[in-house]
Amino acid sequence: MNSCLTQPLTDTHIVIVGGSAGIGLATAATAKARGASATLIGRNAERLELASKDIGGARTGVADISDRTQIETVFANMSPIDHLVITAGSLQAGLVAESDPDRLLRAVDERIAGALYVIKAALPLMSFQGSIVLTGGQYSDRPTGQGTALTAMAVRGIEALAQSLALELSPIRVNVIAPGLIDTALFDSLGADIRAGIFRAATKSLPVGRVGTPEEVADAIIFLLTNGYMNGEVLHIDGGGRLV
Ligand SMILES: NC(=O)c1ccc[n+]([C@@H]2O[C@H](COP(=O)([O-])OP(=O)(O)OC[C@H]3O[C@@H](n4cnc5c(N)ncnc54)[C@H](OP(=O)(O)O)[C@@H]3O)[C@@H](O)[C@H]2O)c1
């Protein structure tokens, strides 16, 4: 019987699109602690440099995930990739009746078109033993009715994309991490009061009695990267948020 259930990350190269903050940065830090090297991609060079310093060094690349040319450029000179993690995405909240549709559609541009651009650009560099993790979310199962319709559509689409790609890109494994409410800067654009209100309400309603941390999600992403039999899966990490 094979006693080594996990694939080690030692000496692997992990590319994290959305790696300069939040869940992506926590994933980079955990992967580095397991012996991987990381490339972080995001829109802001200064933020990327700070993130790289934070985790003791990483290569960085500046690109907006929704811009095909920028993504192709950043992957053009990259070294071979073992694992690809896509966490890039901003919060585009707003009721459909009240919001500019083009702004709301950024949620889809970033998560669906962006994922496609990244995967296309990364594929020629990817190891057949490697894997891809896309980021979904709880809105796929639990719509809020409070201005998250397009994000819900995008995260449901990510699940369908990942399951099809698990077949199409075989033997490369493709999985989805689906976080519930996690304490990151994602919600900063809503303003401090609204953010605090959302977190307070979640703390009361969630079975675990608190909001999650990016490190907890990173731990689950590392599981998807290192367990060689996880494929086409949507791994929820939401403190029981889908149950309430
Ligand atoms: N936090 C939660 O509660 C939660 C729950 C469910 C799902 N998610 C999803 O998890 C993912 C990561 O969220 P997070 O909480 O870690 O957010 P975060 O702390 O705001 O980090 C987002 C990261 O993505 C980058 N990014 C954002 N838009 C980008 C774009 N258009 N192109 C390239 N990079 C971009 C950001 O850097 P720059 O802004 O400098 O580019 C940053 O590195 C998002 O897709 C989010 O929807 C989060």
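Analyst: Happy to. A backbone N or O atom of Thr 87 lies 3.3 Å from an oxygen atom of the ligand, and a backbone N or O atom of Gly 180 also lies 3.3 Å from a ligand oxygen. From Arg 43 it is a polar side-chain atom that comes in, 2.8 Å from an oxygen atom of the ligand. These are polar contacts, meaning pairs of N or O atoms within 3.5 Å. This is a predicted model, in which local features need pLDDT of at least 70 and side-chain atom pairs count only at pLDDT 80 or more, while totals for chains, interfaces and linings use all residues. Residues are numbered from 1 along each chain as its sequence is written, and side-chain values use heavy atoms, with hydrogens and water left out.

Stepping back, 29 residues surround the ligand, counting those with a heavy atom within 4 Å of it. The closest are Ser 20, Ile 23, Arg 43, Ile 182 and Thr 184.

Ile 23 leads us to helix 1, as Ile 23 is among the residues of helix 1 that meet helix 8. Helices here are DSSP runs of H or I with at least four residues, and strands are E runs of at least two, both numbered from the N terminus. The axes of helix 1 (residues 22-33) and helix 8 (residues 214-226) come within 8 Å and cross at roughly 60°. Axes are lines fitted to C-alpha atoms over the stretch in contact, with angles from 0 to 180 degrees between N-to-C directions. That makes helix 1 oblique to helix 8; angles under 35 degrees count as roughly parallel, over 145 as roughly antiparallel, 65 to 115 as roughly perpendicular and the rest as oblique. The crossing is right-handed, that is, the near helix is turned clockwise from the far one by less than a right angle. On the helix 1 side, Gly 22, Ile 23, Ala 26, Thr 27, Thr 30 and Ala 31 take part, facing Pro 214, Glu 215, Val 217, Ala 218, Ile 221 and Ile 222 of helix 8, where contact means heavy atoms within 4.5 Å. By class, that contact has eight nonpolar, three polar and one charged residues; Ala, Val, Leu, Ile, Met, Phe, Trp, Tyr, Cys and Pro count as nonpolar, Asp, Glu, Lys and Arg as charged, and the others, Gly among them, as polar.

Now for two further helix pairs. Helix 5 (residues 106-122) and helix 6 (residues 149-168) pack at about 20° with axes 7 Å apart, which makes helix 5 roughly parallel to helix 6. Their contact has 12 nonpolar, two polar and one charged residues. Helix 5 also packs with helix 3 (residues 68-76), at about 30° and an axis distance of 9 Å, so helix 3 is roughly parallel to helix 5. Here Arg 68, Ile 71, Glu 72 and Phe 75 of helix 3 meet Tyr 117, Val 118, Ala 121 and Ala 122 of helix 5.

Finally, a backbone detail: Pro 171 sits in the loop between helix 6 and strand 6 (173-179), and the peptide bond from Ser 170 to Pro 171 is cis, with omega near 15°.

Key:
Polar contact = N/O pair within 3.5 Å; in protein donor to acceptor, adjacent residues only side chain to side chain.
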